[in-house]
Each structure stands twice: as C-alpha cells, then as structure tokens.
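Let's walk through this model together, from the overall picture down to single side chains. Please keep the sequence and the 3D view open as you read.

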Amino acid sequence: MNVMNLDVIPPPSRAATDLNYEADLKVALDPILVELLDRAEAAGWDRRKAAYTVMFLAARNLTDGKGPPGNGSSAG
C-alpha cells in the first residue's frame with residue numbers, strides 16, 4: 001500500500017472556468033481517492049462498496065447545503 005499525506009491537496013492553478021480545471025482536479029484528487037480505497041480495503045471493506053459509499057457521501061454532502069453558495073441551482 002502506498003502511504004501518502006491525505007491532508008495535502010494541491011491548489012488549483014487555473015480559474016474554475018478554464019476548460020482544463022476539472023482535468024487538473026481529477027489529477028489532484030485521484031491519488032487521494034486511491035489511497036482512501038486502499039485503506040478501506042486493507043481494513044477489510046469491499047473496495048467496490050467503499051467506492052459506491054464515497055460517491056453517495058459526496059452527493060449527500062452537496063445536497064446537505066455544503067456546496068458552493070450561489071451555484072445557480074434551485075430546488076423545486
């Protein structure tokens with residue numbers, strides 16, 4: 001298992017409106033997600049279920065009002 005510091009995420013080097021912003025974000029978050037899934041699996045959790053749970057928690061985090069303010073979406 002590759003151990004890395006999960007507290008370090010590189011800051012963006014482009015504006016959020018730049019076409020490469022999301023690609024850069026994927027590069028920044030991918031090793032952290034891999035490490036998280038590796039740790040869950042090493043602890044005995046099923047990797048696929050852990051990945052599904054991360055997706056669920058991420059979506060819930062947005063719907064719980066913790067997303068960026070003023071994102072232009074409205075409920076209802």
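What follows goes from the whole chain to its helices, its surface and its charged pairs.

A word on the ground rules comes before the tour. This is a predicted model, in which local features need pLDDT of at least 70 and side-chain atom pairs count only at pLDDT 80 or more, while totals for chains, interfaces and linings use all residues. Residues are numbered from 1 along each chain as its sequence is written, and side-chain values use heavy atoms, with hydrogens and water left out.

How confident is the predictor? On pLDDT, the predictor's confidence in each residue from 0 to 100, the protein averages 84, and 76% of the residues score at least 70. Please be careful with residues 71-76, where pLDDT stays under 50 and the model has zero contacts beyond four places in sequence. A contact here means heavy atoms within 4.5 Å.

The secondary structure is quickly told: two helices and zero strands. Both kinds of element are DSSP runs numbered from the N terminus, with helices (H or I) needing at least four residues and strands (E) at least two. Helix H1 covers residues 21-42, and helix H2 covers residues 47-66. Of the contacts between residues at least 6 apart in sequence, 43% join residues at least 24 apart.

Of the 76 residues, 9% count as buried; buried means under 20% relative accessible area, exposed over 50%, and partly exposed in between (1.4 Å probe, protein chains only). The protein exposes about 6500 Å², of which carbon and sulfur atoms supply 59%. These areas come from the Shrake-Rupley method with a 1.4 Å probe, and for residues only the protein chains shown count as cover. Leu-33 is partly exposed, at a relative accessible area of 36%. Phe-56, a residue of helix H2, is partly exposed as well, at 45%. Together with Tyr-52, Met-55 and Leu-57, Phe-56 makes a nonpolar surface patch of about 460 Å². Patches are made of residues with over 30% relative accessible area and no salt bridge, joining like charges within 9 Å and nonpolar side chains (Val, Leu, Ile, Met, Phe, Trp, Tyr) within 5 Å.

Finally, the charged pairs. Side chains of opposite charge can pair when their charged atoms come close. The whole structure holds four salt bridges, each a side-chain nitrogen of Lys or Arg within 4 Å of a carboxyl oxygen of Asp or Glu. In one of them, Arg-14 meets Asp-24 at 2.4 Å, N to O. That pair links distant parts of the chain, ten residues apart, with Arg-14 in the segment before H1 and Asp-24 in helix H1. Arg-14 is partly exposed at 35%, and Asp-24 is partly exposed at 29%.

Which residue does Asp-38 pair with in a salt bridge? The partner is Arg-47, with the closest N and O atoms 2.8 Å apart. Arg-47 is partly exposed, with a relative accessible area of 28%. Glu-41, partly exposed at 42%, also forms a salt bridge with Arg-47, the closest N and O atoms being 3.0 Å apart.
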